[in-house]
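Hello,

Here is the structure I said I would pass on. My notes follow below it.

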Amino acid sequence: MKIPLDFDKEEMRVTVIASVKLKGHPALPAPFVVDTGSPVTFIDEFYSSKVRVLTKNLTYDHDALMGGTRIGMYKAEIDDLSFLNDKEDLFRINCKMFVSKTEWTRKGKTYTPTSIMGIDLLYENGFRLVLDLAKNQAFMEKT
Amino acid sequence: MEEEVQLIKKMRENDRAIRDNFAKLRKEHPDQYVAVDNGIVLASADNLQLLKKQIEEKKLKLATLLIEYIPKKGVVVLY
């Protein structure tokens with residue numbers, strides 16, 4: 001069973017759209033950057049606010065440092081995370097999820113409302129990550 | 001379940017619309033945040049607070065609205 005990922009040649013990144021089902025809220029599609037440099041998976045608050053999930057109502061867990069920016073991670077209660085597999089069917093997994101609240105490091109500077117799919121999700125769900133970008137292939141595979 | 005499938009597909013279309021038109025977006029919205037749905041930029045602003053305000057004022061449908069930061073040429077976003 002494969003979950004296709006998108007390889008963005010312009011920005012040189014691998015992304016996937018997933019549906020996040022936070023407890024008590026409707027399913028929310030969000031773009032995730034697949035980041036093997038991240039130990040955690042999180043959805044940005046700008047997206048979670050679409051279903052009125054705000055970090056001010058969640059429990060703070062820890063800070064993450066990303067490119068000089070301090071990002072507050074807040075525990076989210078999640079029912080599941082769903083992807084479309086290579087047959088365009090829904091594939092659901094259970095995983096830990098945080099909601100990120102980016103702290104501004106410099107006044108007026110930019111942060112991107114990015115949700116990240118980290119190594120934790122791949123590892124805990126037994127996924128194999130395949131990136132053969134020369135052949136334009138990018139997918140996660142359940143082993 | 002079917003609704004969730006459609007939501008993902010719609011968001012994916014919006015994501016691909018941004019990718020396919022990235023050069024154009026970089027020319028028209030450098031260093032800006034854009035909100036895209038149905039492949040169209042529905043709002044754009046210099047920061048997320050202003051973008052959020054536009055989204056609310058225009059009463060944009062939120063479910064599949066894709067928010068993206070468009071860096072100006074020469075700037076690379078690291079994750």
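This is a predicted model. I began with the contact between the chains.

**Interface**

Seven salt bridges run between chain B and chain A. One of them joins the side chains of Glu68(B) and Arg13(A), at 3.0 Å from N to O. Eleven residue pairs are in polar contact between chain B and chain A, both residues at pLDDT 80 or more. On chain B, four elements each give at least two residues to the side that touches chain A: helix H1 (2-20), helix H2 (22-28), helix H3 (48-57) and strand E3 (66-70). H1(B) has the largest share, with ten residues. By type, that side of chain B splits into 18 nonpolar, ten charged and two polar residues.

The contact takes in 33 residues of chain A and 30 residues of chain B. About 2,900 Å² is buried between the two chains, and carbon and sulfur atoms give 63% of that area. Glu4(B), Ile8(B) and Tyr79(B) supply 27% of what chain B buries against chain A, more than any other three residues.

**Salt bridges**

Over all chains, the structure holds 22 salt bridges. Three pairs are worth a look.

- Glu4(B) and Arg92(A) meet through their side chains at 3.1 Å, N to O. This pair crosses between chains, from helix H1 of chain B to strand E9 (residues 90-93) of chain A. Glu4(B) is buried at 9% relative accessible area, while Arg92(A) is partly exposed at 35%.
- Arg13(A) also bridges to Glu11(A), with the closest N and O atoms 3.5 Å apart. Arg13(A) is buried, at 9% relative accessibility. Glu11(A) is buried too, at 15%.
- Lys21(A) pairs with Asp79(A), the closest N and O atoms being 3.2 Å apart. Lys21(A) sits in strand E3 of chain A and Asp79(A) in strand E8 (residues 78-84), so the bridge ties together parts 58 residues apart in sequence. Lys21(A) is partly exposed at 22%, and so is Asp79(A) at 30%.

Shared partners also link Asp8(A), Glu11(A), Arg13(A), Asp15(B), Arg19(B) and Glu68(B) into one salt-bridge network.

**Cores**

Which residues touch the most other members of the largest nonpolar core? They are Phe32(A), Ile43(A), Leu81(A), Phe83(A), Met117(A), Leu51(B) and Ile67(B), out of 57 residues. Strand E3 of chain A (residues 13-22) gives this core its largest share, six residues. Another core lies apart from it and has eight residues, including Phe42(A), Ala64(A), Ile71(A) and Phe98(A).

Best wishes

How values were computed: Residues numbered from 1 in each chain as written. Chains lettered and ligands numbered in written order. Predicted model: local features only at pLDDT ≥ 70, side-chain atom pairs only at ≥ 80, totals over all residues. Heavy atoms only, no water. Contact = heavy atoms within 4.5 Å. Buried area = accessible area lost by both parts, 1.4 Å probe. Salt bridge = Lys/Arg side-chain N within 4 Å of Asp/Glu carboxyl O. Polar contact = N/O pair within 3.5 Å; in protein donor to acceptor, adjacent residues only side chain to side chain. Nonpolar A, V, L, I, M, F, W, Y, C, P; charged D, E, K, R; others polar. Core = buried A, V, L, I, M, F, W, Y, C linked by side-chain atoms within 4.5 Å. Buried < 20%, exposed > 50% of the residue type's maximum accessible area, 1.4 Å probe, protein only.
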